[in-house]
Amino acid sequence: MIELRNVTRIYAAAPGRGRVDTVALDDVTLAIPPGGVWGFVGPNGAGKTTLFGLVLGFLHPTKGRVRVDGLEPRRYLRRHGAAYLPERFRLPPEWTVGDALLALAGLEGLKGASAKERVAAAMERFGLEPHAKKPVGALSRGLNQRLGLAQALLADRRLVVLDEPTEGLDPLWRIRFRDAVAELRGAERTILVASHDLAEVERIADQVVLLEGGRVKEIMDVTPPATAGTGYRITLAAPSPAVAEAFPGAVEATGAGAARGTIQGGGAPSGPGAVGFPGAAAVPGTATFPDALAAPGAPDGDGPVTYLVHVADAKELSTRLAALLEAGAVVAEVTPVGEPLEERVRRALDPEAAR
Amino acid sequence: MNALVLARLTLRDRRKRILALLAFAGLFLAAAATARLLVSDTDGHVNADQLFLIGGYPAVSALLLMGWLLGRFPIIATLVLMAGLFSHDRAEGYARLYTVRAASPLRVYGTRFAVLAGVAFAISAVLMPTFDLIMLGTWAGPATLVLILSYVLVFGGLVALLSVWTRADAWIALLLAVAALVWDGLRSAGVLAQVPAGARDVVTFLLPPQAMLYSIEEAFGNIQPIPWDAFLYVAGYGLTALALAAVALHRREV
């Protein structure tokens, strides 16, 4: 549905000595298929809002091209519109809540009774009925955000773009927001959510794009967080019958998107996630192997294969891995499954600190 | 997109400015009525000589200033109402909320422009003839409306074009209006004879068409036939500015 191809966006610096242009997005290529929820996370200035601006046609790319359903974003918007909540949602302060929603419903093309129905439903869903006659300028931050969500979801749009949707919401309304996103899910609806709240993104998203410095650092499958350390993906250079013995109940995994672990040659494991061999202290996170086994390679026949295994703890994993190695298997990679998104982002952005 | 909804919102957004203009107009009319009560001739004119006897130079100066300002009221009303037409919405983020709604920005801002131009015209079209009726016992006829329309088109178009690029749209338009006044004065006085003709013509063409507006004003002031060629020129200037604004808005980042 959404395609960014080699997109770069540069904000020119205002004239003045020492001012440099800002590269908000740097050669980003991304393809988002229709359907599903995509989260966008990253540090401040990573390019999330700029990316949304390009997708919605508010901004033009400095280089590259953006397409939504094969159309230029502005053309797509004129034909189909989009549901949009900006990072800093504002409406003219003298408008009342009810009038604001009616007006925006009118701009959606809704008229008369159907406009009023939609507005009433939106106000009920986001608890705005008691505040219908209040001026927008008098709303608290949380209420303003709820109004923002209400106006974004007034019409039925295939593209939903929400920038920091839970900013200022209390815990109850965060839950209700999640319910709203769950209701919106559909094969034909693509939802993009940018947020600094990693836990929130993890709960609602299917895929998470980690942006840093204007580049896509990583795209992560977001699985429900499991207890850290109980599930692992083990990638062998080639299928091995020794797996069934070393890890009874191991399941061959399919599909891409596993977060990559770090293989270090020799030495003691270090940092969170390091899995040690017998004799080394087990620390979860990074797999450490003797040099001879560090480089993945495919012996005769089949290519790499990944297994999902479950163990009680890292120590058990270490023991069973040793058995696998002794049986002649070539282990290329070991990564924990169900690691919280926060840990994965931390590791991706600051590997040194993560160790 | 519902044009009526948008029109209503536009009026609501500009409510304070409209009220300020109405208050300003009310002040003019109150002053005119006061002058009329104090110093009117038997034929209904306000007599400036009598006003001088009552209030001296300040009173007469105030009357003259009011008359001059009144002639500029359509510009004032247009600049006040049109200021920030697009630039304010863009800066506040409202423009994006409109743009995502399958509503063409041209239709949205075209509608807003039409509504505000209509309000500027309407207030001026009531104020100016009423003031003349009070002060002079008569009014200049349809030339008044043509004059008002000329100012609204020229300065409305200019503000609309500038608003696509800058938040100082009305201020720059005002500066250009003053520059046009000065330029026209210098040109009429022959001071610009030294300037190469090409450059002189380009500047004259780009600045608001003050000479044409003057000729319409003269017709208004002297109750003469309307100079339609001058009106067509000023209307063309305003509509060209609007067309350029539309092209720029179509491409402008929101």
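**Figure 1. Asn6(A) counts as exposed, with 12 C-beta neighbours inside 10 Å.** Welcome to this predicted model; we begin with a backbone detail. Asn6(A) is not a glycine, and still its phi is positive, at about 50 degrees. The residue belongs to strand S1 of chain A, which covers residues 2-11. Up to 12 neighbours still count as exposed, so the 12 around Asn6(A) place it in that class.

**Figure 2. Asp27(A) has a positive phi in strand S2 of chain A.** The value is about 55 degrees, although Asp27(A) is not a glycine. Strand S2(A) spans residues 22-32. Is Asp27(A) exposed or partly exposed? Asp27(A) counts as partly exposed, because it has 15 C-beta neighbours inside 10 Å.

**Figure 3. Six strands of chain A form an open sheet with mixed pairing.** S5 (83-85) and S9 of chain A are the edge strands, each pairing on one side only. On average, neighbouring strands of this sheet are turned by 15 degrees against each other, with direction ignored.

**Figure 4. S5(A) and S6(A) pair in the parallel sense.** Three bridges link S5(A) to S6(A), the latter made of residues 159-163. In this pair, Leu85(A) has Leu162(A) in S6(A) as its bridge partner. Helix H5 of chain A, residues 141-152, lies across S5 and S6 of chain A. Helix H5(A) runs at about 165 degrees to S5(A).

**Figure 5. Strand S8(A) is joined to S3(A) in parallel and to S9(A) antiparallel.** Which residue stands opposite Trp38(A) in S8(A)? It is Gln207(A). Strand S3(A) covers residues 36-41 and S8(A) covers residues 207-212, with four bridges between them. On the S9(A) side there are six bridges, and S9(A) is made of residues 215-221. One bridge partner to look for there is Glu218(A) in S9(A), which pairs with Leu210(A). The hairpin of S8(A) and S9(A) has two residues between the strands, and Gly213(A) takes a positive phi near 55 degrees in this hairpin. Helix H10 of chain A, residues 341-349, lies across S3, S8 and S9 of chain A and runs at about 30 degrees to S8(A).

**Figure 6. Chain B has eleven helices and zero strands.** Read along the sequence, its pattern is α-α-α-α-α-α-α-α-α-α-α. The C-alpha atoms of chain B fill a box of roughly 65 × 50 × 30 Å along the principal axes. How does the radius of gyration, and what value does chain B have, fit a compact globule? For 254 residues such a globule would be near 18 Å, and the 20 Å of chain B agrees. Of the 254 residues of chain B, 41% count as buried. Among contacts between residues at least 6 apart in sequence, 74% join residues at least 24 apart.

**Figure 7. Ser87(B) is a buried residue in helix H4 of chain B.** Helix H4(B) covers residues 87-92. A residue needs 20 or more C-beta neighbours to count as buried, and Ser87(B) has 20 within 10 Å, so it belongs to that class. Leaving aside neighbours within four places in sequence, Ser87(B) is in contact with Ser163(B), Thr166(B), Arg167(B) and Asp169(B).

**Figure 8. The largest nonpolar core has 153 residues.** Those with the most contacts inside it are Leu101(A), Ala150(A), Val161(A), Val193(A), Phe155(B) and Val159(B). Apart from this core lies another, of 18 residues, among them Ile234(A), Val243(A), Leu321(A) and Ala329(A). Zooming in on Val159(B), its contacts beyond four places in sequence include Thr78(B), Leu79(B), Met82(B), Asp169(B) and Ala173(B).

**Figure 9. The contact between the chains takes 20 residues from chain B and 25 residues from chain A.** On the chain B side, helix H1 (3-13) and helix H5 (94-99) are the elements that give two or more residues. H5(B) gives the most, with five residues. By class, this side of chain B has ten nonpolar, four polar and six charged residues.

Key. Residues numbered from 1 in each chain as written. Chains lettered and ligands numbered in written order. Predicted model: local features only at pLDDT ≥ 70, side-chain atom pairs only at ≥ 80, totals over all residues. Core = buried A, V, L, I, M, F, W, Y, C linked by C-beta atoms within 7 Å. Contact = placed C-beta atoms within 7 Å. Nonpolar A, V, L, I, M, F, W, Y, C, P; charged D, E, K, R; others polar. Pairing = 2+ DSSP bridges. Rg over C-alpha atoms; globule rule 2.2 N^0.38 Å. Axes fitted to C-alpha atoms, helices over the stretch in contact; angles between N-to-C directions.
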